[in-house]
Amino acid sequence: MSARLSTTSNGYGSRKPSSTPVRVEFYINERSFKERLQLYFIKNQRSSLRIRVFNFFLMAVSCTLYCVRVILDDHRHIACHGCTPKNFSNTTENWWGLLWVNRPVWLWALQVSIAIIMLFQTVLMLYLQHKGNICQQLMSITRILEFLNTIPFIITLFWPPLRNLFIPVFLNCWLAHAILKNMLNDLNRALQKIQTAFSQQVIILCSMLLCLIFTSICGVEHLERAAPGVDGKMNFFQASYFVIVTFSTVGYGDIQVNVWPSQLFVAIMIIAALVVIPIQLEQLAFYLLERQKQGASYSKHRAASEKHVVVCATCIQADLIMDFLNEFYAHPHLQDYFVVLLSPVELDNTMRLLLQIPIWSQRVIYVQGSALRDQDLQRVRMDDAEACFILSPRNVMDRHEADQQTILRTWAVKDFSPNLPIFVQILKPENMFHVKFADHVVCEDEFKYALLANNCLTPGTSTFVTLLIHTLRGHEGSDSDSQWMRMYGRSSGNEVYHITLGDSKFFGEFENKSFIYASFHAHKKYGVALVGVKKDEEDSEIQLNPGPKHIMQASDTCYYFNITKEENSAFIFADSDPEKEREHKRKDSKSSLHNEPSSSSKIHSIIASVGTLAIEYYHHGATRQHGAPTESRSDLLSRQSQSQETQEGNHNAVDTQEQGQDRQTSTNTKAGDIRKLHAIQEEDESSGSSNWILSKSDSSMAIELQERRANDPAREALVTGKPSTSSGRNLLIPPAGEEERVPGRRRPSILPVLEIMSSDPEDEETGITFTAEKVETEVDGDIEDIKVWDAKNESDWMKGYPPVAPYIGYTPMFSHLLANPRKLCCLELDQPCSHSNHHCARDYNWPNNSIIVAVESTAPGLYNFIVPLRAHWRPKHTLKPIVIMVEKRPDTVFLESIAAFPLVYYMIGSIESLDDLLRAGILQADTVVVVDRESSKLAEEDYMADACQVVAVQTMFKLFPSSTIITELTHPSNMRFMQFRAKDYYALKLAQKQKREKERGANLSYMFRLPFAAGNVFTASMLDTLLYQSFVKDYMIIFTRLLLGLDQAHGSGYLCEMKITTDDLWIRTYGRLYQKLCSTTFEIPVGIYRTQMQSDSKSELSVTIDDDDQSSTCLSEERAALAELVRSKMKKLGLPESDYDAEATEKRSALSYVLINPGFDTKLELDDVIFIIRPAGGPNASSPMPPRRKYSTRRPKTEGEKREEPQGSMDTRL
């Protein structure tokens, strides 16, 4: 850089700078001629690459011209240009043949032109690259070859006799080899071609072998020109054959060299090959090993013609990747996709062997690289991918660090390919807001804690959700001898599917009908469970069971449970004979006419006008003086309704017979006006009889009902008065004689499911009338419980949004809260403070049994365990106290976030300490949840990460056999150690079943393990498939969040439970229960949690669990010693020893499992827990299954207690 400054002189002789602006020019040193040439030939990568390509082309042309000269050469004319050829003897060597060749003029002209260009470039490059000693540059091998093959041709321009002089132009192949090496480097730098070191080394090795063979061929051919006679000379083809045979060590011996120079040359070339080729092969093997470690690259042409997805992970773990591959390729239309694995670490031996299996080796490509490098993203063709899955490692100690790496990978992929769908798996919920822009995000802790919380109230929820999000075919367990395995395996094939109502055969016929009506009749007709819907509107959300007021439209998207999607289903309709049906109707009509009552009252007409509607009251009934039960209002109305329905059916049948034709009844039949009925009972004490006087009010309402078909078994039962013998699936009344088996019980019936919710407000009022007293009773019970729990006025309880958010990005949920959050000191369970003097859980005297959750340290994700248990729709009297047993003291932020929730406490302790368990109230707890420990992730052996939890849970099981323990594990294979019994032969049989399922390639081979089937064990890896299924079903994450209560959508329902009791067994089948719920409380059942006892001989599904009774004496002694240990600890802590159940046994007497969307004819059993989806806000009438209060079997009532304890979960009665 230079600059010119102008100065001026003042009058005193001093010089001062001029203020005139000066223009400064930069890089003037590059304006010289030499610098410009250097810029073009050397510095500029693109121009220098073009020059090298041109030089490579010249070298190839010169070698080709040499081959042409050899082929055209005439061995008989050996002399200089213009000279007379000499005759040589056939017995002596012709050494002149090595000096002179026959070169045509046109060929000479082309070679001279090429030589001039090459010489010019050589001189120019010497000038441009001159640094230091010029002799050193001239003596390089490259320069010597260039001068050797160019200067002789230049001389022939001035001396024509030398035009036939032999010039070893074939040596230009080595110049081409050198140019190729430089060109590959320029391709990488200038054109940014992604060429790995291995591919470059392969090209260089091939080039060197080619040059070595070509040099040997040309050398042998030329030296053999000196052989005596014409027949002894080799042509170009013979020389090629000889060299290839010699280098391949075959050596047939049919062709041989005759002169010693050629023999010497062949020996030298063989030695050179033996030295050079092994060196190149060694380098090639080294690069090959490195390439195997780094993986391959997904080529551009494959990306253009094939579909692929990219999976990014910190480390490629065999379990993680196999779960992804099994679930990803379980979908039929993904069979043609390729999976590209991108990871910065090297594959371990296990994963390398797995990827060599033919089923995966043709589909999975491993690339070692980082998602933060654009070069590696280009190698996997991220721009052309269909999706990118960013997975978090499972077994990591620092989960925050793992999330940070996941966040950076997500940002890098989004920056590189903005339009690519991204599926992100993250561990901590507080880090979710960093990746909110991703298309689908699954937070492990968020789903994990919500699932564990729901599992505490609705047993088997973890198994229910796990089976839903895994792709199973429903064939699992079909070859088993156990009925429960066959039922459980078949129902496990149910998944969530979606379809537009207008395109559906399942739901298309229910357009303009209510959602409840469509759900019930779709299950009755096709066996599918319609559970949700989404309107075709902007910003619409998925709604689970929106209730009867939602009218199905053709544009609605329906979400349903089924074994397979509708597109893969075949519809087979049973053929029926119309003549037989009409004859059957005539017989029914005649029999009805003979049995017609002689008279009917006005009340009969009113009730009969409703069709099959039977009004049901909650009435405890009255007792006569002699102890005989009186007939209740509901019994009377139900019987009168059935009688009048029979009468109307008879008239219709007669009318049908007289007309001689079939009449199709309208699906939307308007019933007559129903007067509100008020009954006043007047009992005549003298006769012991009771009469009902029914009065009617002036108000009326219209109820739309669906008329039953004439051949409907349910209608037939009502007409004939006898139960149908078909299957019992449409029965609306219990079997005859059931009232006699249950003395004092009413004869109930089931309401039909309405097509459309009536808009008449009097309808809703009528529905409330039947259960208003029950609702008031329950409200009073709630207020009583709250006063007892907190010893404060119930106004301190409220419903609202939590005042303190646990982490950034948390969506507040409407929950039960305290109007005034408690002091932080009051949250510690076993530490007295100025506001409380309690020392253990029993001192609080809670009405409900508690839930204990044992964690290593509190984390913001634990907040999602509390929120579902304090959801606003749960009745207050059913809320269970939550005790958080933590090993490290919680921080203030976490305590402030939970202080507003009622009945939430924490204590410092560990499940390994018996004292801590007793203080936490394990004897008064319904459920103990053991969360996986993060510190155990660093076990020397991966599968030993669960050792601490397994042993601790086994100890609790030994000490407290009746406790319900839900355990989170790191590895699913360790669930076989849950409640381990060495002599449990039935569990050993199930282990063999698991091995067979695994050999068959089942996606969920451990599904028949008893702890998993019962929902007592959970692993976070079960949630991984939720992210994988979102690639095919983009609604799965939102659907699951709504199901678990993590999100609350407007108008969407929620998952809850009800229990089948002895009062509910009259319903008999799952289909009738479906109708009962849909017609009364508008709830939708979706599954059953069934517990079968070994001694249940009456059940069709009873099981036989074999065990070893030989060691019963030893177990009794061990049990007595453990009981004595617990009692001594309780005495030390001041706890009453009577709370401990010493007679509990460890022997398994029952097994539990989940049935998803069971069949319509599935029989209900006692203590079945029904998974139901309740509509938002609940029905206008209270549930026909009101909660019953019972004393807990785990908690004895102490003296002085005058109140009743509500059961932990809300049981409901039909």
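Q: What span should the 18 residues of helix α16 have, and how far apart are its end C-alpha atoms?
A: The expected span of a helix is 1.5 Å times one less than its number of residues. For α16, residues 399-416, that gives 26 Å. Its end C-alpha atoms are 26 Å apart, which agrees. This is a predicted model, where local features need pLDDT of at least 70, side-chain atom pairs count only at pLDDT 80 or more, and totals for chains, interfaces and linings use all residues. Residues are numbered from 1 along each chain as its sequence is written, and side-chain values use heavy atoms, with hydrogens and water left out.

Q: How many helices and strands does the protein have?
A: Helices (H or I, at least four residues) and strands (E, at least two) are DSSP runs, numbered from the N terminus. The protein has 37 helices and 28 strands.

Q: Which residues of α16 are buried?
A: Buried means under 20% relative accessible area, exposed over 50%, partly exposed in between (1.4 Å probe, protein chains only). An α-helix has 3.6 residues a turn, so residues three or four places apart point the same way. In α16 the buried residues include Arg399, Ala402, Asp403, Thr406, Arg409 and Val413.

Q: What do the buried residues of α16 pack against?
A: Contact means heavy atoms within 4.5 Å. The partners are the strands β3, β6 and β7 and the helices α15 and α17.

Q: Which residue caps the N-terminal end of α16?
A: Aspartate 398 does. One of its side-chain oxygens lies 3.2 Å from the backbone nitrogen of histidine 400.

Q: What is the strand order in the open sheet of 4 strands?
A: Two strands pair if DSSP finds at least two bridges between them. Here the order is β25-β28-β26-β27, with antiparallel pairing. The edge strands are β25 (1054-1059) and β27 (1150-1156), each pairing on one side only. Between β26 (1084-1093) and β28 (1169-1174) there are 5 bridges. Isoleucine 1088 stands opposite isoleucine 1170 in β28.

Q: Which helix lies across β25, β26, β27 and β28?
A: Axes are lines fitted to C-alpha atoms, for helices over the stretch in contact, and angles run from 0 to 180 degrees between N-to-C directions. Helix α18 (461-469) lies across these strands, at about 40° to β27.

Q: Which residues touch the most other members of the largest nonpolar core?
A: A nonpolar core is a set of buried Ala, Val, Leu, Ile, Met, Phe, Trp, Tyr and Cys residues joined through side-chain atoms within 4.5 Å. The largest has 198 residues, and Phe507 and Phe865 touch the most other members. Its largest share, 8 residues, comes from α17. Beyond four places in sequence, phenylalanine 507 is in contact with residues including Ile499, Leu501, Val528 and Tyr560. Apart from this core lies another, of 44 residues, among them Cys63 and Phe242.

Q: Is glutamine 1029 buried or exposed?
A: Glutamine 1029 is buried, at a relative accessible area of 0%. The residue is in helix α34 (1024-1029). A polar contact is a pair of N or O atoms within 3.5 Å; within protein, one must be able to donate a hydrogen and the other to accept it, and residues adjacent in sequence count only if both atoms are side-chain atoms. A polar side-chain atom of glutamine 1029 lies 3.0 Å from the backbone oxygen of isoleucine 469.

Q: Where is glutamine 924 found?
A: Glutamine 924 is in the loop between α30 (914-920) and β22 (925-930). Its side chain makes a polar contact of 3.4 Å with that of aspartate 1139.
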